[in-house]
Amino acid sequence: MRTTLRRAVLLFVFIMALLVMPVSNANAVDTELFVHKSPDFTLTVPKWVDQKSLDPNAILCRQPKLGSATTLEVAVHNLPAGMTYHDATLVFKKALEGPWKASNVKILYEREIKLKDNTQAYEFEVKWKSGMWPLRSYAVIVFKDKKIIEAVITSSFWVGDNQKQYPLSLILK
């Protein structure tokens, strides 16, 4: 029994080590420019597999391969009157707890940022669980033309800088 348990633990540690290893440039992801009209914006996105989202406002949802824990999702929502960036973070948290049935949802940080085009934006990172699987979501949101533009990358355990580049590539027109 102990031998089996030790082997299972070693296998788990090996799998976790593989997951946390940095991705080399040899595995660089092909990208393309995603263009959206009304509100007008662009975003550099990976050429992953298109997926269907649980969010009815999603305009793009992609994964590296079917069933992957890593997902890039872009959504456009109506901006309720008086809503602030901080409110949007709380709405995101409630959405995770609702349709996604997430547990242990914790906002790790949230702050105002400037995008590459100098547009005022907001970023936040959330740690949560789907069943027993730990996930993190990194989001960049912008308010424009009474809309919320939301670009979110979700992955297992953490979201690396190489993944954050996609939401951060948001440019308003």
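E125 counts as buried, at 5% relative accessibility (buried means under 20% relative accessible area, exposed over 50%, partly exposed in between, with a 1.4 Å probe and protein chains only). This is a predicted model, where local features need pLDDT of at least 70 and side-chain atom pairs count only at pLDDT 80 or more, while totals for chains, interfaces and linings use all residues. Residues are numbered from 1 along each chain as its sequence is written, and side-chain values use heavy atoms, with hydrogens and water left out.

**Salt bridges**

- The structure holds six salt bridges (a side-chain nitrogen of Lys or Arg within 4 Å of a carboxyl oxygen of Asp or Glu).
- E125 meets R136 in one of them, at 3.8 Å from N to O. R136 sits in strand 8 and E125 in strand 7, so this pair ties together parts that are eleven residues apart in sequence. R136 is partly exposed, with a relative accessible area of 22%.
- E123 and R111 also join up through their side chains, with N and O 2.5 Å apart. That pair links distant parts of the chain, E123 being in strand 7 and R111 in strand 6, twelve residues apart. E123 counts as buried at 7% relative accessibility, whereas R111, at 42%, counts as partly exposed.
- D50 pairs with R62, and their closest N and O atoms are 2.7 Å apart. Here D50 belongs to strand 3 (residues 49-50) and R62 to strand 4 (residues 58-63), twelve residues apart. D50 counts as exposed at 52% relative accessibility, but R62 counts as buried at 10%.
- E32 comes into the picture too: E32, D50 and R62 are linked in a network of salt bridges.

**Strand 9 and its partners**

- Strand 9 (residues 147-156) is mostly covered, with eight of its ten residues buried (helices, H or I with at least four residues, and strands, E with at least two, are DSSP runs numbered from the N terminus).
- Strand 8 (residues 133-144) runs antiparallel to strand 9, and ten bridges join them (two strands pair if DSSP finds at least two bridges between them). A139 has V152 of strand 9 as its bridge partner.

**Nonpolar cores**

- The largest nonpolar core has 22 residues, and F41, L43, L115, V140, I153 and L170 have the most contacts inside it (a core is a set of buried Ala, Val, Leu, Ile, Met, Phe, Trp, Tyr and Cys residues joined through side-chain atoms within 4.5 Å). Strand 2 (41-46), strand 5, strand 8 and strand 9 each give two or more residues to this core.
- Another core lies apart from it, with 16 residues, among them M83, L96, L135 and V152.
- Leaving aside neighbours within four places in sequence, L43 is in contact with residues including E32, F34, V74, A151 and L170 (contact means heavy atoms within 4.5 Å).

**Helix 2**

- The buried residues of helix 2 are Y85, A88, T89, F92 and L96. They cover an arc of only 105 degrees around the axis, which puts them on the same side of helix 2 (the arc is that of the directions from the helix axis to the C-beta atoms).
- What covers these buried residues of helix 2 includes strand 6 (103-114), strand 7 (120-130), strand 8 and strand 9.
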